[in-house]
Amino acid sequence: MGGFKLGKMTLRSLFSKPATVRYPYEKRELYPAMRGHIVNDIDACILCGMCVRVCPADALVVDRKAGDWTINPYKCVQCANCVGACPKSSLSMEREATAVTSSMSTVTMHKDVPAKPAAGAARPKRALTPEQEAKAAAIRAKKAAKAAAEQAAAAEGPAE
């Protein structure tokens with residue numbers, strides 16, 4: 001009796017499709033929810049650093065001043081936290097796995113960031129309305145009168 005079950009299983013496996021693939025020659029079909037590697041659209045990226053804050057493996061580095069976005073693909077665990085945290089949706093997960101390389105290196109993308117004006121640089125001032133000019137003049141006059149009164153009191157000397 002047990003021989004019939006074994007024969008049936010053997011014949012079925014001989015005439016059915018194999019369960020495995022011949023890997024180097026045949027690639028397995030990727031399923032839709034597969035997480036392969038992170039891709040950044042650097043033109044859409046604003047270099048805010050939200051992806052760095054949520055990355056559990058510390059695989060991302062963002063340098064706003066230099067305009068660099070760097071990922072270490074060998075530290076990345078493909079959790080997609082950074083993809084969900086990106087406010088501009090510049091990050092996405094590709095289905096294909098990270099390409100094999102001969103050396104462990106990081107991937108750096110550069111974005112030209114316009115230089116910000118210096119902190120002490122003068123910005124053009126808005127013109128004041130006549131009402132605002134009158135208020136400012138009244139405040140200046142009050143301050144000048146107060147300073148003059150303090151100087152007069154200091155010149156008289158201490159009161160005993």
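1. Surface first: the protein chain exposes about 13,500 Å², and 59% of that is supplied by carbon and sulfur atoms. Accessible areas here are Shrake-Rupley values with a 1.4 Å probe, and for residues only the protein chains shown count as cover. Keep in mind that this is a predicted model, in which local features need pLDDT of at least 70, side-chain atom pairs count only at pLDDT 80 or more, and totals for chains, interfaces and linings use all residues. Residues are numbered from 1 along each chain as its sequence is written, and side-chain values use heavy atoms, with hydrogens and water left out.

2. Overall layout. The protein chain has four helices and five strands, where helices (H or I, at least four residues) and strands (E, at least two) are DSSP runs numbered from the N terminus. Along the sequence the order is α-β-α-β-β-α-β-β-α. The radius of gyration is 35 Å, well over the 15 Å that the globule rule gives for 160 residues, so the protein chain is more spread out than a compact globule. For the record, that radius is taken over C-alpha atoms, and the globule rule is 2.2 Å times the number of residues to the power 0.38. The C-alpha trace spans about 125 × 40 × 35 Å along its principal axes.

3. Buried residues make up 14% of the 160 residues in the protein chain; buried means under 20% relative accessible area, exposed means over 50%, and partly exposed is in between (1.4 Å probe, protein chains only). Of the contacts with a separation of 6 or more, 69% join residues 24 or more positions apart. A contact here is heavy atoms within 4.5 Å.

4. Where does the nonpolar patch sit? L11, L14 and F15 form it on the surface, with about 390 Å² of accessible area together. The patch rule takes residues with over 30% relative accessible area and no salt bridge, joining like charges within 9 Å and nonpolar side chains (Val, Leu, Ile, Met, Phe, Trp, Tyr) within 5 Å. A salt bridge, in turn, is a side-chain nitrogen of Lys or Arg within 4 Å of a carboxyl oxygen of Asp or Glu. F15 belongs to helix α1 (residues 2-15) and is exposed, at 72% relative accessible area.

5. Why no disulfides? The count comes to zero, with a disulfide defined as a pair of cysteine sulfur atoms within 2.5 Å. For C55, the closest cysteine sulfur is in C79, 6.0 Å away and so too far for a bond.

6. Two buried loop residues. S90, in the loop between α3 (81-85) and β4 (91-94), is buried with a relative accessible area of 4%. Leaving aside residues up to four places away in sequence, S90 touches V39, N40, D41, A44 and C45. I42 lies in the loop between β1 (37-40) and α2 (50-54) and counts as buried at 15% relative accessibility. I42 and D68 are 26 residues apart in sequence, with their C-alpha atoms 9.4 Å apart in space.

7. H37 in strand β1. At 23% relative accessibility, H37 counts as partly exposed. Not counting residues up to four places away in sequence, H37 touches S92, M93, E94, E96, A97 and T98. The C-alpha atoms of H37 and V62 are separated by 18 Å, for a gap of 25 residues along the chain.

8. Backbone angles to look at. Most residues other than glycine have a negative phi. D58 has a phi near 55°, a positive value in a residue other than glycine. D58 is found in the loop between α2 and β2 (60-63) and is exposed, with a relative accessible area of 54%. A80 also has a positive phi, of about 70°, although it is not a glycine; A80 lies in the loop between β3 (68-71) and α3.

9. Last stop, helix α4 (residues 130-156), which holds A141. A141 is partly exposed, at 45% relative accessibility. From A141 to P130, eleven residues apart along the chain, the C-alpha separation is 16 Å.
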